Amino acid sequence: MLKTVIIADDLTGANDTGAILAQDGFTVGTILKTEDMDKFSDFDVLCISTNSRGISKEEAYEIVKKSVLLFEEKKNLLFSKRIDSTLRGNVGSEIDSIIETLGDDTIAVVVASFPGSGRTCIGDYLLVNNVPLERTEVAKDPTSPVTNSRVTEIVKKQSKYSVGYVALEEVLKGSDVIKESILNLAKENRILVVDARTNEDIMEIAKGCIASKLKFVAIDPGTFTAAVAKELFAKSLQTKNKKKILCGIGSASNLTRKQIKILREKYNPLIVKTDAVKFLDDKTREEEINRVVDEIVRNENQYEILSVVTTIDDNDVIDFEELNKTHGYSKSEGAGYVTNSVADIVYRVRQKLGSKIGGIYTSGGDISAAFCEKIKSVGFDVRDEVVPLAIYSKVIGGEFDKTPMITKGGLVGDEMTLVTCIDYLRERI
């Protein structure tokens with residue numbers, strides 16, 4: 001799921017900032033032609049180069065605006081305007097463009113420091129390897145010379161908005177002080193320039209900006225954007241990158257419901273309950289299977305444990321004697337439909353998510369056998385007994401050969417057994 005959009009004024013800058021985020025575990029794509037955006041739907045971060053450093057400020061404004069408007073759903077995205085590490089190009093007009101396009105409630109936070117490349121900002125002066133910017137070769141750049149070392153002055157000269165400034169003295173006091181400084185300055189300034197000397201300073205700035213709850217765009221050569229993205233999305237990224245456990249729980253016992261409750265309290269898993277009665281009707285079975293599969297696949301990024309269950313409370317238990325009157329099924333026939341449907345859901349989710357699934361847990365009835373039949377497995381490589389009648393194995397043969405799996409009966413164990421099995425499986429994958 002897309003989390004961050006980086007708009008850079010050249011391709012090298014786009015890739016460079018993207019590479020910093022990739023080191024933190026984000027999947028990063030750089031788009032060369034915007035008409036190909038549909039091919040980048042699985043990336044966490046998208047980088048776009050506007051190639052606007054050497055064009056007029058009016059043209060730069062329009063091309064940045066068009067880049068922002070490519071994204072219809074902007075609410076939960078972090079936008080970054082990647083600027084040159086020596087502040088060449090149309091810095092001010094591009095900042096104006098991105099904050100105006102994102103809305104009147106958006107401010108820009110400019111952190112020009114890039115410590116890893118020797119760029120630091122102290123007293124509003126941008127230093128390149130401890131040399132003021134105006135004393136470096138960039139002052140003689142043939143297309144975009146920079147002859148001022150003060151970041152606020154460079155931005156003010158190019159932007160229509162007032163510019164606030166947070167000095168290193170405030171930054172060194174930590175994120176809480178930074179937050180208050182930003183909140184106060186944002187009352188009268190739409191652009192804020194912030195000093196930073198180290199990566200640790202930049203991380204404190206990121207924390208302060210996020211804590212302020214203000215809607216902001218990261219304006220920087222890359223490190224600040226990476227710090228904000230890491231602070232905002234680290235938890236979901238860790239969950240996404242972990243191998244997941246897929247659970248198919250078809251038992252309707254009271255013990256199973258207690259086990260699910262304890263699992264929910266410890267791990268906050270994704271739990272999708274089926275409308276099991278629909279599995280008994282040819283007209284609704286496929287529709288219900290697809291609904292459950294789609295819900296799990298759509299939300300999997302946020303969870304480490306994915307579960308399909310048939311019951312959560314007493315009211316969910318099917319009265320098979322009543323269904324015998326309405327559907328004509330015996331209890332065993334009805335249970336068979338439910339078992340096969342749950343196994344089918346587990347199979348389809350595993351098929352769609354592929355290697356994201358590190359292990360499978362099945363409980364109740366003949367779900368394990370039905371699942372293995374669907375994947376054309378020839379058997380189990382039995383490795384261990386987690387608790388009596390809860391067996392850890394690896395699948396032999398078939399579509400998901402060598403997949404770790406725990407199989408357990410619905411009435412096996414005590415209230416903690418499901419958590420015990422999940423803990424065990426997590427260690428193995």
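Visitor: At about what angle to β13 does helix α10 run?

Guide: Bear in mind that this is a predicted model. Helix α10 covers residues 282-299 and lies across β13 and β14, the latter being 305-309. Its direction relative to β13 comes out at about 165 degrees.

Visitor: Which strands stand at the edges of that open sheet?

Guide: Follow the order of the seven strands, β13-β14-β12-β15-β18-β17-β16, with mixed pairing. An edge strand here has a single partner, so one of its sides is left without a neighbour in the sheet. That describes β13 (270-273) and β16 (379-387).

Visitor: And in β15, which residue is the bridge partner of lysine 244?

Guide: Strand β12 (residues 244-249) pairs with β15 (residues 357-363) in the parallel sense, over six bridges. In β15, the partner of lysine 244 is isoleucine 357.

Visitor: Helix α13 packs on the sheet too; which strands is it touching?

Guide: Helix α13 spans residues 367-374, and its direction makes about 135 degrees with that of β15. The strands it touches are β12, β15, β16 and β18.

Visitor: Over to α2: within what arc do its buried residues fall?

Guide: Helix α2 (residues 57-69) has Ala60, Tyr61, Val64, Ser67 and Val68 buried, and these pack against β1, β3, β4 and α3. Seen down the helix axis, they line one face, because they fall within an arc of 130 degrees.

Methods:
Residues numbered from 1 in each chain as written. Predicted model: local features only at pLDDT ≥ 70, side-chain atom pairs only at ≥ 80, totals over all residues. Heavy atoms only, no water. Pairing = 2+ DSSP bridges. Helix = DSSP H or I, 4+ residues; strand = E, 2+ residues; numbered from the N terminus. Contact = heavy atoms within 4.5 Å. Axes fitted to C-alpha atoms, helices over the stretch in contact; angles between N-to-C directions. Buried < 20%, exposed > 50% of the residue type's maximum accessible area, 1.4 Å probe, protein only. Arc of directions from axis to C-beta.
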